Amino acid sequence: MDLDDQEASSNIEDRRGMSIGGIGGGLGLGTIAIGVIAYFLGFDPGTVMNLAQQVQQSTPQLQTSQAPHGAPSDPLGKFSAKVLGSTEVVWGDIFRQSNTSYRAPTLVLYERAVRSSCGLGQSAMGPFYCPNDEKLYLDLSFFRDLQTRFRAPGDFAQAYVIAHEVGHHVQKLTGTFRKMEAARGRASETETNRLSVRMELQADCYAGVWGHYAGTMNQVQPGEVEEALRAATAIGDDRLQQETQGRVVPESFTHGTSAQRVRWFTRGLRSGRPSDCNTFSAASL
Ligand SMILES: [Zn+2]
């Protein structure tokens with residue numbers, strides 16, 4: 001990517017190197033990680049809440065609020081701040097076109113474990129978005145996993161991850177999150193998973209919409225699109241389940257298959273129109 005001309009967002013909270021009392025020492029984190037691996041790259045406040053309850057007693061104090069704000073100076077931190085800045089430009093324009101204003105989310109950089117208004121988050125869950133505090137939580141070590149474990153190298157693959165979480169924020173602003181939460185309360189588990197897949201694929205499509213305009217701003221070169229497609233392929237539910245459980249259980253999908261993720265990302269990328277991202281009304285995904 002070429003982000004030389006892109007201003008870094010200042011909506012960054014850098015909590016790296018900060019411990020949250022009692023955890024971060026490794027106790028129990030490994031075992032919890034196995035249970036949540038499937039939520040990878042995902043929205044699942046419910047899971048986060050459960051985690052929080054498990055460790056609540058041992059973590060009396062909240063994470064310090066004195067985290068440095070503004071764009072970090074290290075390369076990966078700075079890169080993330082620029083990608084976030086680019087999403088602010090793109091979504092700011094899109095919202096303005098429909099006469100609304102875009103309220104930008106905050107990106108929290110952390111290591112290992114982090115407090116959010118949705119409960120405790122940790123690296124093994126992958127990046128996540130908390131609608132309660134409108135913050136994206138990212139442990140930059142995930143970018144290394146993307147390259148090594150998921151064999152999806154490249155900075156556009158990394159940017160896609162941030163853009164996907166920003167997509168969830170757009171869902172918060174447009175009311176999709178609220179509707180989803182309401183539906184979750186009265187739905188069966190299978191139905192909830194089905195809704196979750198549509199939610200995730202829409203976030204992928206929104207990530208594509210951002211990618212479309214990043215392309216028109218010459219921030220992305222055509223050849224780099226492959227990077228994001230590789231990432232989308234690597235984190236499909238079918239692929240992940242095959243790798244972690246050795247079998248695929250479609251009813252338990254929460255994010256969509258690799259092919260679906262690629263399809264919806266590509267759809268947003270091609271058209272640049274959020275209205276093309278209505279996964280909830282799509283007859284087939
Ligand atoms: Zn997601």
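## Salt bridges and cores

The count of salt bridges comes to 10. The model is predicted.

| Pair | N to O distance |
|---|---|
| Glu13 and Lys135 | 2.8 Å |
| Arg96 and Asp93 | 2.8 Å |
| Asp276 and Arg273 | 3.0 Å |

Take Glu13 and Lys135. Glu13 sits in strand β1 (residues 12-14) and Lys135 in strand β6 (residues 135-138), so their bridge ties together parts 122 residues apart in sequence. Both residues are buried. Arg15 joins Glu13 and Lys135 in a network of salt bridges.

Arg96 and Asp93 share helix α3 (residues 75-97). They are 3 residues apart, about one turn of the helix. Arg96 is exposed, at 54% relative accessible area. Asp93 is partly exposed, at 35%.

What of Asp276: buried or exposed? Asp276 has a relative accessible area of 19%, so it counts as buried, the cut-off being under 20%.

The largest nonpolar core has 58 residues. Met1, Trp91, Phe156, Tyr160, Trp210 and Phe265 have the most contacts inside it. Helix α7 (residues 189-216) gives this core its largest share, 10 residues. Beyond its neighbours within four places in sequence, Trp210 touches several residues, among them Met1, Val83, Trp91 and Phe156. A second, separate core has 7 residues, including Val108, Tyr110, Cys118 and Cys130.

The whole chain has 10 helices and 6 strands. Of its 285 residues, 56% are buried. The chain exposes about 12,400 Å², with carbon and sulfur atoms supplying 49% of that area.

Definitions and conventions
Residues numbered from 1 in each chain as written. Predicted model: local features only at pLDDT ≥ 70, side-chain atom pairs only at ≥ 80, totals over all residues. Heavy atoms only, no water. Core = buried A, V, L, I, M, F, W, Y, C linked by side-chain atoms within 4.5 Å. Buried < 20%, exposed > 50% of the residue type's maximum accessible area, 1.4 Å probe, protein only. Helix = DSSP H or I, 4+ residues; strand = E, 2+ residues; numbered from the N terminus. Contact = heavy atoms within 4.5 Å. Areas by Shrake-Rupley, 256 points an atom, 1.4 Å probe, with all protein chains shown as cover. Salt bridge = Lys/Arg side-chain N within 4 Å of Asp/Glu carboxyl O.
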